[in-house]
Amino acid sequence: MKKALYIILTFALVILAACSNDTTTKDTTNNNTKESKEVNLYTARHYDVDDELYAKFEAETGIKVNVIKGEADELLERIKREGDATQADLFLTADAGRLFRAKDEGLLQAVSSDVLDEQIPANFQDKDQMWYGLTKRARVMIYNKETVKPEELSTYEALTEDKWKGRILIRGSENVYNQSLLASFIEINGEENAKEWASGLVANFARDPEGGDRDQAKAIVAGIGDVAIMNTYYFGQMLNSEDPEEVKVAQKLGVFFPNQETTGTHVNVSGAGVVKTSKNKENAIKLLEFLSSPESQITFAEANYEYPVNKSVEPSELLKSWGEFKEQEIPLSTLGENNAKSILIFNEVGWK
Ligand code: FE2
């Protein structure tokens, strides 16, 4: 009797195993013909916390994130070079101007998602839905607390006044952050005004532009100038730097959000778009949705002292300590659309 039961049970188990095996095979077949359980991300971000988020996404969805890191322009070139054969599904980089470049070169495709529309404000998306902003930064004034009173500061435009002669620090015009800043002025004030601003600022430069954003802050403390225009996250990075010298420099400086009574402070994003030839489009959209979800947003933004784009999420304590501010209210698509005009103006006014 016992033996008979044993045989029946074994038989049943064999059938069960066969059934489940069958299901697995079917699943794999489906996935192979439709879409695999992976997404290939080309990213210009280099933060450990990003990797933690990708691991969380993998655990939640079973979709493996294959991450390829590099400089933004190199990654763009690589996608171009690889052509139809590229493995890239999603391209993630800083600055709407660069995202526009990817779009303009035909490397991205439009995607639509109610979740993305709910989580990311319309002005932080490409107007043709080819890329989506994921973290936000402001291009602000950083000033020497010893030589400048915040009451002396007001607008980007006011920095062209004579009193600032020889006191303004900002990086070169080849940099996309400045191209986007000027592109925003073209959008808001028109080309003529934007050009006047650029030439007025050049006239007040403390030195020929050199170095990155952080170098402008260092130049203030070195006594070269008094006010720098730079992105908020660089200031956050300096305040939290492992290099005590950088911390010391940052502590001597203040943050000022310009144009609060007028057009608002210039903001930009880092963001991502689905690559035109993506073989895992649905997975790429899922990753975008995950990165803009409330749970991911604060982690993602905090990794680089940026502001979340998702309005349901509060910025980190450090960013909150700098105060709330009014932002420019233009669609960030325009930063890319006006990019060529910006470069032209920079050349005309001799902004190196
Ligand atoms: Fe940057």
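**Entry 1: helix H12**

What covers the buried residues of H12? Before answering I noted that this is a predicted model, in which local features need pLDDT of at least 70 and side-chain atom pairs count only at pLDDT 80 or more, while totals for chains, interfaces and linings use all residues. Residues are numbered from 1 along each chain as its sequence is written, and side-chain values use heavy atoms, with hydrogens and water left out.

I then looked up helix H12, which spans residues 294-302, and found that Ser296, Gln297, Phe300 and Ala301 are buried there. I wrote down that buried means under 20% relative accessible area, exposed means over 50%, and partly exposed lies in between, for a 1.4 Å probe and protein chains only. Because these four residues cover an arc of only 120 degrees around the axis, they sit on the same side of H12; the arc is that of the directions from the helix axis to the C-beta atoms. Their cover includes helix H2 (48-61), strand E3 (90-94), strand E4 (132-144), helix H11 (281-291) and strand E9 (307-308). The helices (H or I, at least four residues) and strands (E, at least two) are DSSP runs, numbered from the N terminus.

**Entry 2: confidence**

I checked pLDDT, the predictor's confidence in each residue from 0 to 100, and found a mean of 92 for the protein chain, with 90% of its residues at 70 or more. Over residues 12-33 pLDDT stays under 50, and for this stretch the model has three contacts beyond four places in sequence, where contact means heavy atoms within 4.5 Å.

**Entry 3: pockets**

Which residues lie nearest the centre of the largest pocket? I found Lys136, Tyr307, Pro315, Phe325 and Glu327 there, among 19 lining residues. E9 and helix H13 (317-321) are the elements that give two or more residues to this lining, and the space in the pocket is about 500 Å³. For the terms, I noted that on a 1 Å grid over the protein atoms alone, a pocket is an open set of points with protein on both sides within 12 Å along at least five of seven lines, a cavity is a set where a 1.4 Å probe fits but cannot get out, and lining residues have an atom within 4 Å of a point.

The second largest pocket holds about 390 Å³ of space and is lined by 20 residues, of which Ala44, Ala94, Arg98, Tyr177 and Tyr234 lie nearest its centre. Helix H3 (72-82), E3 and helix H9 (232-239) each supply at least two residues of this lining, and the largest share, three residues, comes from H9.

**Entry 4: two loop residues**

Where is Gln129? I found Gln129 in the loop between helix H5 (114-119) and E4, with a phi near 60 degrees, a positive value in a residue other than glycine. Gln129 counts as partly exposed, at 25% relative accessibility. Tyr305, in the loop between H12 and E9, has a positive phi near 50 degrees and is partly exposed, with a relative accessible area of 22%.

Notes
Points joined across faces, edges and corners; volume = space filled by probe spheres on them.
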